[in-house]
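Reader: I have a few quick questions about this model. Can we go through them one by one?

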Amino acid sequence: MWHRIAAFIIKFRVSLLVLLLLATALMGYFASRVELSYEFTNAIPTDNPKYVAYQQFRKQFGEDGNLMVIGVQTQDFFQPEFFKGYAALVQKIEKIKAVENVLSVPGAINLVKDTNSGRLQVLKITDISGPDQPGRFQEIFSNLPFYKGFLYNPQTHTYLMAVRIDKHVLNSKNRTGVVKEIVGASDEFARKAQVQFHYSGLPLIRTIMATQVQSEMKLFLIMSFVLTAIILALFFRSFMAVLASMLVVAVGVVWSLGTITLLGYKITLLTALIPPLIVVIGIPNCVYLLNKYHAEYSKHGNKMKGLLRMVDRMGIVTLFTNLTAAIGFGVFYFTKSAILKEFGLVAGINIMAIFVISLIFIPALFSFLAPPKGRHTSYLESRWMNNLLDIITNWVFGHRPWIYAFTIIICIVSVAGILRLNTVGHIVDDLPKEDVVFQDLKFFERNFKGVMPLEIVIDTRRKNGAVSLPVLEKMDKLSDYLQRFPEIGHSLSIVEGIKFARQAYYDGDSTSYTVPNLFDAAFIQPYLRSRGDKNSMFNKLIAAFLDSTRQKTRISVSMADVGSKRLPVILDSIRPRVFRLFDSSRYDVTFTGTSIVFLEGSKFIINSLRDSLVLAFIMIFGCMIFLFRSWRILLISVIINIVPLLITAGIMGWAGIPIKPSTVLVFSVALGITIDVTIRFLVNFKQELSRHDDNIAATVKRTIHDTGLSIIYTSLILIAGFGVFALSQFDGTKSLGYLTSLTLFMAMITNLTLQPALLLWIDKAKQKKIDTEWLTEDEPEETQS
C-alpha cells in the first residue's frame, strides 16, 4: 500500500505541489482574517447551572465585568492644585468614546432635603462647596459614609476612580484603544503631579492578556522557527533540507490559522499555542523522512529508489506518530468546555494536515533536487553520536538490573511528590508575581480588599418584595456580615442608596446613615416605587440594583482574587447566614458574577483535562494494539510513557507547582508526543525482527543504532521548541514549556534505555518458554529410561 502511495506521489508530484500551493493560498486568505478573542468565561459549558445563572444575571442587571478602576495613594489629594488637575482628568476620561460613566471623588454627589417641598435634591458636591474650595469639599465628602471604602480609604489616603466601559466595545478589538487612551490620559496627569497611578479591573486584565497573547504568539513562532532551523542545520548540514523543513511547517502554520477562521473560532490563550506547536510537531516528520532518505541513498546511491523507500518505510510510522499526537490533542474536543473543544479540534485537524503536507512536499521537492552530497549524510556516521549509542547499548545489555532499580526508585519518589500536589486557580493565575498588573491588583486588595466582582441575587418571589422594609433590613445585616471577611470589600446595593437618602432626610447627619424604620419608610417608599424621571438618582439606582418588577435585587461585592480553594470556603461560610436571613421557603438566593464563573471554568477545565487524558490513553493504546497486536508490546509502551509523566507530576509536587489548567495540559500534550518516539522505535524493531531471524537481542541492538540518531535529534528539537514557551510572560504558558520539555527529555531517556531493556525481558521470557517446552518434551523419555 505505502509503496503505491510513494509511486503516486512521485508520478503526480507537479500536480500535487500545485494543489498544495493553491490550498495554502486559500488558507492564507482565511488566516489573514483571524481575530483575537476577548471573552473570559467560555471555558465553562453553556448548560452549567452557574453559567446559566450568570447569563440570567447579565440579562436582568447588565454586565458586572466592565468596570476599570484607577487608584492613587497621596496625602495631597485635596490640595487645590492636585484636586483641580484630578477633576480635569475625570472630565477628560468621561469624554473618551465607549466610556459610559465615571465614579470619582470630584464627581461625587450629595443628597440635600429641600426645606420647602421636603423632597430630596441631587447636587454635585462641587456645586455645594464651590469649584475652588477643595477644603470645603473634603469636609462635606468625609461626612458621607456612602463613599467610605468605596471611593476612598481614609486610613491609607487612597482614592479610587471607577470607569464603566461599554460592554460591546469590551468584546471587540476596539477595547485595546479605549483602555490605552484611559491609561495614557491618567499617566500624563500622574507625571505632572509626580504620583503613581494603579490600574486594575477585568477590562484592563483582559486587554493586557489578549495583547500579550498576540505578541507572544509572534515571538514564539519566530523563535521556534529559528531554533529548529539551527538544530536542523547542525543535523543535516544542508541548506535545502533546512529550507524544505521550514517550508513544510510554514505551510502548516498558515493552515492552522486558516482553520481557526474557517471554524468560526478566534485566537485564545490556548489556540495561540497551536501555530508554534505545529512547528514543533511538524519538524520531526521532516527529520524522520529525510533521515530515512539519506540512509537509503547511502546504501545504494539511487535517489528515486531512496525517495520511494522513504515513503514506503516511514509512511506508516509517520502516520501513526501524527495520529497519536492528534489523538492526544483531539480528545479535548470531547469535553464540554468551548475553549478546550476549539483547541482540541484545531490542533487535531492540523497535526494530521502537517502529516499530509510533509508526505507530499518532501518526496515531491527532493525528486527535483540533486542527490545528497557526502557532507549532507555525514551525520549518519557521526563518531560522538555512535559512541553515545554504543554506551546506551552497553548499559541496556550489561546493566539492566540497574535500569530497572533506578526506574523503580525514581517512580516511588515521584509518587511521594504526587501526593503533595495541590489544585488551585486564580483569575490572574497566569500573570507573574512581579508583573505590574498583578502588583496593581494587590494594591487594590490592600487598600480596598479587591476589585473582583461577586454578585448575590435575592429573589423575593413577589412583586415589589425587594423594596419591602424587612428585606432591606435583612440585606443590611448580610452586608454587615460580609465585612467580617478580610477578602471582601465594599458592598453596594439598593440599601446603601436608601441609607444615603435617610441621612439626607435628617439634614446630613452621618449617624442617620442606617436602614429606615417604619416612620422613615413612609418618606422613602415613594422614591422606590416611582417610575418618573429616569435620570433621577433613585431611578438610576433602582435600574442598576432592582429588576423591573422590584421582585429581584442584588448585592454587588468587590473582593480579592482569592483563588479556587479559598472562594468555596468563603461561600460555604456565608451560605448559613444567608439562609438564616432569607428562608429558602420564601426566597431564592444565588451567588454569581465573573469571579464564580471564571473559577468554576478553571475547575471544569482541570476535570476535563483529567478525563481527556484517560480517553487519550485508551485511544492511543488502542492504536498500539492495532499496530503491534501483542500484549507484551502494549505493556511496554504503557510503562515507557507513564514513567515520564509520573516523574513530571512528582517534580511538580516536590517543587510546589499547583495543578491548574495550564499544568494539567502538559500531560495530554506530552503523552501525544512522547508516544511518537515509542512508535518510531517499536515499528523499526518490528521491521528489523524478521531480517534478524526473530533474534530479539540482535534486533534491539540494531534498532538502538538505527533509530537512536533520529530520536535524539527530534527530541532535542521538541525540547527546544517547547522550551521557547518558558520565555512567556504567563506563568501557565511558562509551566507548559519547561514541564513539557522535562517530560520529553525523560521520555527520550526511557525510550532509549528502559524500552530496549524491557524488550530484552521479552526475549528472556520467550527463551524461558522454549526451555520449559523442551524440558516438558524430554520428561517422558527420562521417565521411560
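Reader: How many aromatic pairs does the structure hold?
Author: The structure holds 35 aromatic pairs. Rings of Phe, Tyr and Trp (its six-membered ring) pair if their centres lie within 6.5 Å; planes under 30 degrees apart count as stacked, over 60 as edge-to-face and the rest as tilted.

Reader: What should I know about the source?
Author: This is a predicted model, where local features need pLDDT of at least 70, side-chain atom pairs count only at pLDDT 80 or more, and totals for chains, interfaces and linings use all residues. Residues are numbered from 1 along each chain as its sequence is written, and side-chain values use heavy atoms, with hydrogens and water left out.

Reader: Which ring does the charged end of Lys341 sit over?
Author: The ring of Tyr333, 4.5 Å from its centre. Lys701 lies over the face of Phe397, at 5.1 Å from the ring centre. The rule: NZ of Lys or CZ of Arg within 6 Å of the ring centre and within 35 degrees of the ring normal.

Reader: Switching to strands. What does β7 pair with?
Author: Strand β1 (residues 67-73) pairs with β7 in the antiparallel sense, over 4 bridges. Strands (E, at least two residues) and helices (H or I, at least four) are DSSP runs, numbered from the N terminus. Two strands pair if DSSP finds at least two bridges between them. Val72 has Phe197 of β7 as its bridge partner.

Reader: Are the faces of β7 buried or exposed?
Author: Buried, on both faces: Phe197 and Tyr199 on one side, His198 and Ser200 on the other. Buried means under 20% relative accessible area, exposed over 50%, partly exposed in between (1.4 Å probe, protein chains only). In a regular strand the side chains alternate between the two faces of the sheet.

Reader: And across the chain, what share is buried?
Author: Buried residues make up 57% of the 785 residues.

Reader: Where is Ile96?
Author: Ile96 is in the loop between α4 (80-94) and β2 (99-103). Ile96 counts as buried because its relative accessible area is 6%.

Reader: Last topic, the second largest cavity. Which helix gives the largest share of its lining?
Author: α11, with 4 residues. The lining includes Ile281, Tyr288 and Asp676. A cavity is a set of points on a 1 Å grid over the protein atoms alone where a 1.4 Å probe fits but cannot get out; lining residues have an atom within 4 Å of a point.

Notes
On a 1 Å grid over the protein atoms alone, a cavity is a set of points where a 1.4 Å probe fits but cannot get out, and a pocket is an open set with protein on both sides within 12 Å along at least five of seven lines; lining residues have an atom within 4 Å of a point.
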